[in-house]
Amino acid sequence: MPDGNDLFKTFITGIVLGVAAAAGALYAFPAVDQIREASIVSVAANGGNTESFHVNVPMDRVMVGAPGQKQPLPVGMEWPADELLSDVRVELFKVRNARDTVIGVASRTAARDGDVQIIDWVLHLPARGSVFVNMQPQATAGGYRKGELRAGSREFAPLHGHMTERWVPDTSGDEDAPAGRIELLATYVGKPEPETL
Amino acid sequence: MKYVIALLLGLLVGVVVFAAGMIYNPFIVDRGLSPLSVTDAKVITLNYSGVPADAIVFTNDGESRQRPHPDKVLQLWEAPIRQTSAMATVMRDARSQTAGLGIKFSSRSERTRLLHGEALTDSVWYIYLPGRGSLFIEQSENYWPFLREVVFPAYRSSANKWKGMWLGDTTAGPGALGTAAVTGGSGSLRGLKMNGVESLSARAYSVDEGPISVEGRLLIEMPEAELADDDLEAAELDARASRE
């Protein structure tokens with residue numbers, strides 16, 4: 001016959017074990033585990049590293065926001081009617097790496113502020129960090145537009161460099177091929193070490 | 001057999017006791033006032049609605065409590081971005097006038113430590129303010145106080161809803177004082193390095209629908225020497241209105 005006192009002791013032992021097991025599990029197993037894709041980075045010829053991203057258009061487009069659109073994307077989106085935003089165009093995309101795998105999201109904002117044209121990219125790669133790039137408004141020969149890495153977070157925080165964007169139309173003729181892709185080529189350069197005396 | 005049942009019951013109670021202790025841990029306290037709420041420097045105040053249906057576009061993996069808006073927006077279902085949300089919204093100044101557009105990307109952070117009261121997200125804002133320029137804000141946010149004081153009480157409520165008044169800062173870094181890092185990208189803000197704090201003001205939350213009445217606010221501390229006269233005037237008005 002089990003003794004009531006022994007049963008109670010077993011119950012209390014169970015509570016202690018339960019607390020310990022829950023704390024141990026919470027400590028040992030991460031609450032958040034981001035899926036990582038191995039980055040594909042190459043060494044650049046004149047210093048730094050390069051990494052290419054692309055956006056397949058139209059399948060990776062999440063949003064195209066601009067005033068006066070006849071067919072807004074996504075369907076049902078209402079662009080604010082405020083006059084202040086009449087010269088702004090915002091696009092949101094999914095971003096792919098060189099293996100054509102989606103690894104992040106990005107925004108491209110184009111705006112005219114008086115005589116100044118602004119084109120800014122933000123790339124957000126959940127497992128790695130984010131990059132903020134100011135593009136030059138004028139495209140160079142070959143349809144490239146170049147921009148400067150202004151800021152970054154986490155993995156990209158200590159990096160300088162630049163990024164180019166280019167529209168590459170699809171020439172494959174495949175039925176399910178995208179109309180084209182926006183090609184982004186980032187070149188990362190580490191910030192110089194402070195000189196030591 | 002009775003001993004096994006007693007042990008299993010004890011284990012179950014132990015897990016529940018641990019969960020309750022973690023949620024109501026008195027040693028995990030809010031950080032209190034943010035350094036920017038008592039600053040004498042000029043601040044830019046930007047408000048936005050924290051309700052996804054009020055955004056221009058809000059999207060996530062489509063399985064979260066916060067539903068994508070509009071319904072037909074492309075969802076972020078691919079594995080590397082499944083724990084990420086993206087939002088484009090109108091930013092309003094302290095006088096509730098349209099100030100510009102904000103885009104926010106948030107991802108659950110692997111640095112989350114629930115044992116320490118940290119439910120972290122890594123988020124970035126891109127904000128375009130016509131006439132002033134663009135801003136990039138990088139921060140980690142801690143949603144544990146919001147979960148503890150708004151979301152869990154909603155689950156405990158028989159109506160699966162929470163109503164009340166909760167105000168708290170979500171920004172928890174990377175700045176030493178728990179502030180966000182703000183970089184000016186263009187216009188008069190170009191090249192400026194600033195600090196910022198994001199806060200939420202919640203009045204209603206539903207277990208089924210997520211936030212029902214939640215307002216977000218960004219406070220950005222301006223470096224005084226870099227301000228032009230007209231910016232000073234606007235920033236002063238913003239600062240005054242935000243303190244009122």
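**Close-up views of a predicted two-chain model**

**Figure 1. Glu165(A) is buried, with a relative accessible area of 6%.** The view is drawn from a predicted model. Arg145(A), at 18% relative accessibility, also counts as buried, because the cut-off for that class is under 20%. Glu165(A) and Arg145(A) form a salt bridge in which the closest N and O atoms are 2.6 Å apart. Glu165(A) belongs to strand S9 of chain A and Arg145(A) to strand S8 of chain A, so the pair ties together parts that are 20 residues apart in sequence. Over all chains, the structure holds 18 salt bridges.

**Figure 2. A salt bridge joins the side chains of Glu155(A) and Arg128(A), with an N to O distance of 2.9 Å.** Glu155(A) is placed in the loop between strand S8 (145-152) and S9 of chain A, and Arg128(A) in the loop between strand S6 (116-125) and strand S7 (129-135) of chain A, so the pair ties together parts that are 27 residues apart in sequence. Glu155(A) is partly exposed, with a relative accessible area of 40%, whereas Arg128(A) counts as buried at 12% relative accessibility. The view also includes Glu51(A), which is linked with Arg128(A) and Glu155(A) in a network of salt bridges. In general, side chains of opposite charge can pair when their charged atoms come close.

**Figure 3. Arg154(A) has a positive phi, near 45°, and is a residue other than glycine.** Most residues other than glycine have a negative phi. Arg154(A) is found in the loop between S8 and S9 of chain A. At 30% relative accessibility, Arg154(A) counts as partly exposed. Glu155(A), shown in Figure 2, also lies in the loop between strand S8 and S9 of chain A.

**Figure 4. Asp170(A), Asp174(A), Glu175(A) and Asp176(A) form a negative surface patch.** Asp170(A) is placed in the loop between strand S9 (159-169) and strand S10 (180-190) of chain A. Its relative accessibility of 32% makes Asp170(A) partly exposed. For context, chain A has 1 helix and 10 strands, and its pattern along the sequence is α-β-β-β-β-β-β-β-β-β-β. Along the principal axes, the C-alpha atoms of chain A fill a box of roughly 90 × 60 × 40 Å. Of the 197 residues in chain A, 41% are buried.

**Figure 5. Leu73(A) and Pro74(A) are joined by a cis peptide bond, with omega near 0°.** Pro74(A) sits in the loop between strand S3 (61-65) and strand S4 (88-96) of chain A. Most peptide bonds are trans.

**Figure 6. In chain B, the peptide bond from Gly173(B) to Pro174(B) is cis, with omega near 10°.** Pro174(B) has its place in the loop between strand S8 (171-173) and strand S9 (180-184) of chain B.

**Figure 7. Lys104(B) and Glu198(B) form a salt bridge, the closest N and O atoms being 3.1 Å apart.**

Figure 8. Asn47(B) is part of strand S1 (residues 43-49) of chain B. At 13% relative accessibility, Asn47(B) counts as buried.

**Figure 9. Asn160(B) has a positive phi of about 55° and is not a glycine.** Asn160(B) lies in the loop between helix H2 (144-156) and strand S7 (161-169) of chain B. Asn160(B) is partly exposed, with a relative accessible area of 28%.

**Figure 10. Met1(B), Val4(B), Ile5(B), Leu8(B), Leu9(B) and Leu12(B) make a nonpolar surface patch of about 630 Å².** Met1(B) is located in the segment before helix H1 (2-23) of chain B. Met1(B) is exposed, with a relative accessible area of 74%. Chain B has 3 helices and 11 strands, and its elements run α-β-β-β-β-β-β-α-β-β-β-β-β-α from the N terminus on. Buried residues account for 55% of the 244 residues in chain B.

Methods: Residues numbered from 1 in each chain as written. Chains lettered and ligands numbered in written order. Predicted model: local features only at pLDDT ≥ 70, side-chain atom pairs only at ≥ 80, totals over all residues. Heavy atoms only, no water. Patch = residues over 30% accessible without salt bridge, like charges linked within 9 Å, V, L, I, M, F, W, Y side chains within 5 Å. Areas by Shrake-Rupley, 256 points an atom, 1.4 Å probe, with all protein chains shown as cover. Salt bridge = Lys/Arg side-chain N within 4 Å of Asp/Glu carboxyl O. Lys, Arg positive; Asp, Glu negative; His and termini not counted. Charge placed at Lys NZ, Arg CZ, Asp CG, Glu CD. Helix = DSSP H or I, 4+ residues; strand = E, 2+ residues; numbered from the N terminus. Buried < 20%, exposed > 50% of the residue type's maximum accessible area, 1.4 Å probe, protein only.
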